[in-house]
Amino acid sequence: MSHALGIAIESLVAALLLLTIGYCILLNKRLQRLKADEHSLKATIGELITATEIAERAIGGLKHTVRDVNENLGGQLAAATQMSMQLKHQLAEGDAVFRRLSRIAAAARPSSEQQEAAAPAPAPAPAPAPRTSAKAVAEAAQAFSERRRANGLAA
């Protein structure tokens, strides 16, 4: 019996060794898959790092572009504001000149009517075409300056 007990124990140990060998083979296959996954994960991480670096460079370029555009638009805005102020000033001066010309034309009309009343009336001329007020003011100012020159009052 002791011999049978030894064979039974040896058989049990052999069966356990076979189970251990089978389990080691299974673990080896899983470790190989894990290492393959590790390599693909390393490749994925490398690609992600490369993509992140490219994105960081693109963001830096965009920031630089935004800064340049902001400076350019700021300069253009300042120039447009200055031009607007100049135009406003010129319009005010033009309005003042127009008012002075209107006063000159208004002052010239009564004196021209007095001269016409003193001079004999020529044959009636056809009615002139309606003129714009700016043309009328300009012609009146020119006639006034010519009268002033004729009288020796011009500078």
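**View 1. The protein chain as a whole, with two helices and zero strands in its secondary structure.** Helices (H or I, at least four residues) and strands (E, at least two) are DSSP runs numbered from the N terminus. This is a predicted model, in which local features need pLDDT of at least 70 and side-chain atom pairs count only at pLDDT 80 or more, while totals for chains, interfaces and linings use all residues. Residues are numbered from 1 along each chain as its sequence is written, and side-chain values use heavy atoms, with hydrogens and water left out. The protein chain exposes about 13,400 Å², 65% of it supplied by carbon and sulfur atoms (Shrake-Rupley method, 1.4 Å probe; for residues, only the protein chains shown count as cover). Of its 155 residues, 4% count as buried (buried is under 20% relative accessible area, exposed over 50%, partly exposed in between; 1.4 Å probe, protein chains only).

**View 2. The salt bridge between glutamate 38 and lysine 42.** Their side chains meet at 3.7 Å, N to O, in one of two salt bridges counted (a side-chain nitrogen of Lys or Arg within 4 Å of a carboxyl oxygen of Asp or Glu). The two residues are separated by about one helical turn because they lie four residues apart in helix α1. Glutamate 38 is partly exposed, at 39% relative accessible area, whereas lysine 42 counts as exposed, at 52%.

**View 3. The salt bridge between arginine 99 and aspartate 95.** Aspartate 95 is partly exposed, with a relative accessible area of 33%.
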